[in-house]
Amino acid sequence: MLVIGIAGGSGSGKTTVVKAITDNLGKDKVVVIPQDCYYKDCSDLSDEEKRNHNYDHPNAIEWELLCAQLKDLKEGKAIDQPIYSFISCGRSKTKTTRVEPADVIIIEGILIFTCKELRNQMDIKIFVDADDDDRLMRVIERDISERGKDVHWVIERYSNTVKPMYLEFIEPSKRYADIIFPEGGHNRVGIDVITATIEKSLRDSK
């Protein structure tokens, strides 16, 4: 089993890289653990508090649960992963996602390298780098189409939390990466190299 961490700023192309690696290896060999599932429940906040909630600070994540569930997967145990909604800012009270162990576990998220306990469980750490303007455009498109936000809200949030938190926490976590991956999912050469590295590691571990 191989644990791979894929970090980078919002809109850097992490999800595209994860999908490309998964497609190359085969979906039966890979399980993806999104950091976004482990945001702390904030459904009890007022609308104004939700609007100002900082999703880009390490304190927003329930690291203890994420680390514990990753440990279970590494031990061959299935987990019940939380389901988080960015629309309600809360976790489902009645539903979870059953996740079974696989040969490759990919943990994906903006803040995953800020948690030492989580980093220590990773075999390969990849930081997806992208131009600030490109990231902003992707964040605007995603938050409007997937999270029901308007342009004013997205730009305000980017200015108040996304960019400052990127500079304070996410960009500095790049130093923990084994591989710096520019251009996100457009870097086909990089994706092929990473896939080959993973396949070799899996062969060597057998």
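**Close-up views of a predicted model**

View 1. E108 is buried (under 20% relative accessible area, with over 50% counted as exposed and values in between as partly exposed, for a 1.4 Å probe and protein chains only), yet E108 has no salt bridge, and K14, the nearest side chain of opposite charge, is 4.3 Å away. A salt bridge here requires a side-chain nitrogen of Lys or Arg within 4 Å of a carboxyl oxygen of Asp or Glu, and charges are assigned as positive to Lys and Arg and negative to Asp and Glu, without His or the chain ends. The residue lies in strand β5, strands being DSSP runs of E with at least two residues and helices runs of H or I with at least four, numbered from the N terminus. Leaving aside residues up to four places away in sequence, E108 touches I6, K14, T15, V18, I33, P34 and Q35, where contact means heavy atoms within 4.5 Å.

This is a predicted model, in which local features need pLDDT of at least 70 and side-chain atom pairs count only at pLDDT 80 or more, whereas totals for chains, interfaces and linings use all residues. Residues are numbered from 1 along each chain as its sequence is written, and side-chain values use heavy atoms, with hydrogens and water left out.

**View 2. Helix α7 and its buried side.** Buried in α7 are G190, I191, I194, T195, I198 and L202. These residues cover an arc of only 135° around the axis, which puts them on the same side of α7, the arc being that of the directions from the helix axis to the C-beta atoms. Among the elements covering them are β1 (2-7), α1 (14-25), β5 (104-108), β6 (124-129) and β7 (179-182), while the face turned away from the buried side carries the exposed residues V189, R203 and D204.

**View 3. The aromatic cluster of Y39, Y55, Y84 and F86.** These four residues, Y39, Y55, Y84 and F86, form one aromatic cluster; rings of Phe, Tyr and Trp (its six-membered ring) pair if their centres lie within 6.5 Å, with planes under 30 degrees apart counted as stacked, over 60 as edge-to-face and the rest as tilted. The count comes to six aromatic pairs. The rings of Y39 and F86 have centres 5.6 Å apart and planes at 75°, so this pair is edge-to-face. The pair links distant parts of the chain, 47 residues apart, with Y39 in the loop between β2 (30-34) and α2 (47-51) and F86 in the loop between β3 (79-85) and β4 (90-99). Y39 is buried at a relative accessible area of 3%, and F86 counts as buried at 14%. The rings of Y84 and F86, with centres 5.3 Å apart and planes at 75°, also form an edge-to-face pair.
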